[in-house]
Amino acid sequence: MAEEKYVVEVDHLKKYFPIKSGILQKEIGAVRAVDDVSFRIKEGETFGLVGESGCGKSTLGRTLLRLIEPTEGTVKINGIDMTSVKKKDLRPLRPSMQMIFQDPFSSLDPRMPVGEIIGEAVREHGIVSKSEYRDYILKVMEDCGLRPYYIDRYPHEFSGGQRQRICIARALALNPSFIVCDEPVSALDVSIQAQIINLMKDLQKERKLTYLFISHDLSVVEHISDSIGVMYLGTMMETGSKEDIFAKPLHPYTQALFSAVPVADPDHKMDRILLEGDIPSPANPPKGCKFHTRCKHCMGICSQVEPEAKDMGNGHIVKCHLYDDK
Amino acid sequence: MDKNTQKARLKSIKKFNAVKYKEYNKKQRRKRIPESEYMTTMADDHNILEFDNLRTYFYTDAGTVKAVDGVSFQIPRGATIGVVGESGCGKSVTSLTTMGLLAGPTGQVAGGSIRYNQKSQNRAVDLTKLPRKEFEKIRGNEISMIFQEPMTALNPVFTIGDQLCECISLHMPELKKDEVEARALEVLELVGIKREGILNNYPHELSGGMRQRVVIAMALCCDPQLIIADEPTTALDVTIQAQILDLLRNLKDKINASIMLITHDLGVVAEMADYVVVMYAGRVVEQGTAEDIFHHPAHPYTIGLMKSKPMLGEKIDRLYSIPGNVPNPINLPEHCYFKNRCESCVEACEGLYPELVSLSKTHKVSCYLCGKKGGEN
């Protein structure tokens, strides 16, 4: 049996941002934005990354594409170790990995027409010959549900949903195999959200795309993802297939996070696990398990020893002292 | 030629606006306003607030934006009303009009009334006609507002204590300085963030959830009768959102106030509200109890909105999406505003905007489709 192909393999990835102080800019500490994260994404699948703001989801997404240099660990995309590639050799690899940003209002250059926004990188990377250029751009725009006459318009003439389509078209124009989507629907209205999510799913089927889908909206993540990772304070608390995580969340944080989502049904019974307090600062995370300060099942060992990643079967990995290896 | 007509159009808009501005300024400058002008009677004494055909227009250079166009609903005493809609549907403008915070002369109330049941004076007043001096007695004291973005609602250069105490001493001038401080600590305890030295903290030293609690505390300073919460949890994470919603629910029972909750999140509304008002392009398309709206939605827009939101634990291959976009608020058509996006259009939809039809005692909807059904029953 052929082994399953992983498009993205992340091993023990760390990203620390130094905190500097004083005239000499001495390093006095570090913000541990991403702290020892490992996961894999299969070809053509979507990995949903959830967590509260400040837990390091966006930093992780950017570190994968080496928009931020990682501190430690390795990232392999399509089998190539991105962390050891030299900067000048990185350029030809860029088209295969793209990003869709959160805010469609600030991620488009207001002075460029749509055709230029989508086409700039295509020309730069020489994806198609000059004679085919315009037809190619129109084809990409059509795929993303943009009308051909939009090509000469400017971003301010479009609504939020249309702009997000332009952002998607810009990423797709380079024929990527892997796209990091950093909260692509958070800034949009509910009815427009559904349009964009459907578009992203259709494109994935057509082009066999692999997504890393970052979002704080759990219902959206459940809808679009095949597997899910839950982050808290830079650490991946739980990873597994969508079915496993949603049917049987193991980590106390995952359980609390899921129970906090309001349900659009007035008869829904609320047996909510309310988390006390706020996320601790990532510059000074708690010792031991990072979640122990807010955890209901906190034991003596939790504040002393950081839990190991334990496999509970079927690739369901959890970092918590409550569970033992299967 | 085309350019000239464009120019002429802009000129006529400017002229029209100038007249409107002048009228507005004249009205604002009046010194003595007779009481009879703003006194009114409530339709139902049990209500705390009644919107009656409220219309708020913005006279901009590009044309008149009818942000709120004929909105009518009631807020019963002690109830929570949820106002739902997408961005630009006029829900925030409705709340700003209620608070008298419209930026004039561009934004003006073009008609209709907001009747407020002022129990302390044993009278009912029309908030849209209330003179400024009178309004100051109500705003903050009896009706208060929680704003959306806690970072921008708080002043970054003053401490939490300064901002809370300023609010309290302005509204209760009879209190002494130490009494004001004691009151500030009291409201902070109410929202659950009383701790040593909190009054000396600056907003940037607090987390998002704590800042939102401070904003809520500020709204609670004078034991308001009605709290208008404009997207109070949109900027917060789900776990913090759960805390804040829990807090609002408990507070409502503690101080026996009514809440008008403005949000775009159907889940939040389902959890909090007794009554729900669904708005679209400046009009109420459907209103009723939470039960009516969530179990028997009647308007195609409400149905579409519910279907397009993925639910936890629900398995569907493809999300339903409402085609098209919200119409341009300038030059809205005569017919139903939702017609071009609606999948269940009938012939009657070509006609004038449908009236609100009662499906039951509490449930009202403005759609030709439902009018028929109601007639058959």
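**Notes on the two-chain model**

1. Let's start with the chain B sheet: it is open, has five strands in the order β1-β6-β5-β2-β3 (chain B), and pairs antiparallel. At the edges sit β1 (39–40) and β3 (63–76) of chain B, each with pairing on one side only. Keep in mind that this is a predicted model.

2. Going through that sheet pair by pair, β2(B) and β3(B) run antiparallel and are joined by 11 bridges. In this pair, Phe51(B) has Phe73(B) in β3(B) as its bridge partner. On to the next pair: strand β2 (residues 47–60) of chain B is also joined to strand β5 (residues 107–118) of chain B, antiparallel, by eight bridges. Here Glu50(B) has Arg115(B) in β5(B) as its bridge partner.

3. β5(B) also pairs with strand β6 (residues 123–126) of chain B, in the antiparallel sense and over four bridges. Val125(B) in β6(B) is the residue opposite Tyr116(B). These two strands make a hairpin with four residues between them, and Asn122(B) in the turn has a positive phi of about 60°.

4. Lys14(A) has Glu72(A) in β4(A) as its bridge partner.

5. Now chain A as a whole. It has nine helices and 12 strands. Its radius of gyration is 21 Å, close to the 20 Å that the globule rule gives for 326 residues, so chain A is as compact as a globular protein of that length. The C-alpha atoms fill a box of roughly 70 × 60 × 55 Å along the principal axes. Buried residues account for 43% of the 326 residues in chain A. Of the chain A contacts between residues at least 6 apart in sequence, 64% join residues at least 24 apart.

6. Is helix α1 of chain A enclosed or open? Seven of the eight residues of α1 (residues 57–64) of chain A are buried, so the helix is largely enclosed by the rest of the structure. The buried set is Lys57(A), Ser58(A), Thr59(A), Leu60(A), Gly61(A), Thr63(A) and Leu64(A). After the helix comes Arg66(A), with a positive phi near 55°.

7. On to the contact between the chains, which takes 32 residues from chain A and 37 residues from chain B. On the chain A side, the elements that give two or more residues are α6 (190–207), α7 (218–224) and α9 (252–259) of chain A. The most come from α6(A), with six residues. By class, this side has 17 nonpolar, nine polar and six charged residues.

8. In soluble globular proteins, nonpolar side chains tend to be buried together. Which residues does Ala169(A) touch, leaving aside neighbours within four places in sequence? They are Ile118(A), Val140(A), Met141(A), Cys144(A) and Leu146(A).

9. Finally, His363(B) lies in the loop between β12 (357–358) and β13 (364–365) of chain B. Why does His363(B) count as buried? Because it has 20 C-beta neighbours inside 10 Å, and 20 or more is the cut-off for buried. Apart from neighbours within four places in sequence, His363(B) is in contact with Gly288(B) and Asp292(B). Asp246(B) is 117 residues from His363(B) in sequence and 27 Å away in space, C-alpha to C-alpha.

Terms used
Residues are numbered from 1 along each chain as its sequence is written. Chains are lettered from A and ligands numbered from 1 in the order in which they are written. This is a predicted model: local features need pLDDT of at least 70, side-chain atom pairs count only at pLDDT 80 or more; totals for chains, interfaces and linings use all residues. The radius of gyration is taken over C-alpha atoms; the globule rule is 2.2 Å times the number of residues to the power 0.38. A residue is buried if 20 or more other C-beta atoms lie within 10 Å of its own, exposed if 12 or fewer, and partly exposed in between; C-beta atoms are placed from the backbone. Two residues are in contact if their C-beta atoms, placed from the backbone, lie within 7 Å. Ala, Val, Leu, Ile, Met, Phe, Trp, Tyr, Cys and Pro count as nonpolar, Asp, Glu, Lys and Arg as charged, and the others, Gly among them, as polar. Two strands pair if DSSP finds at least two bridges between them.
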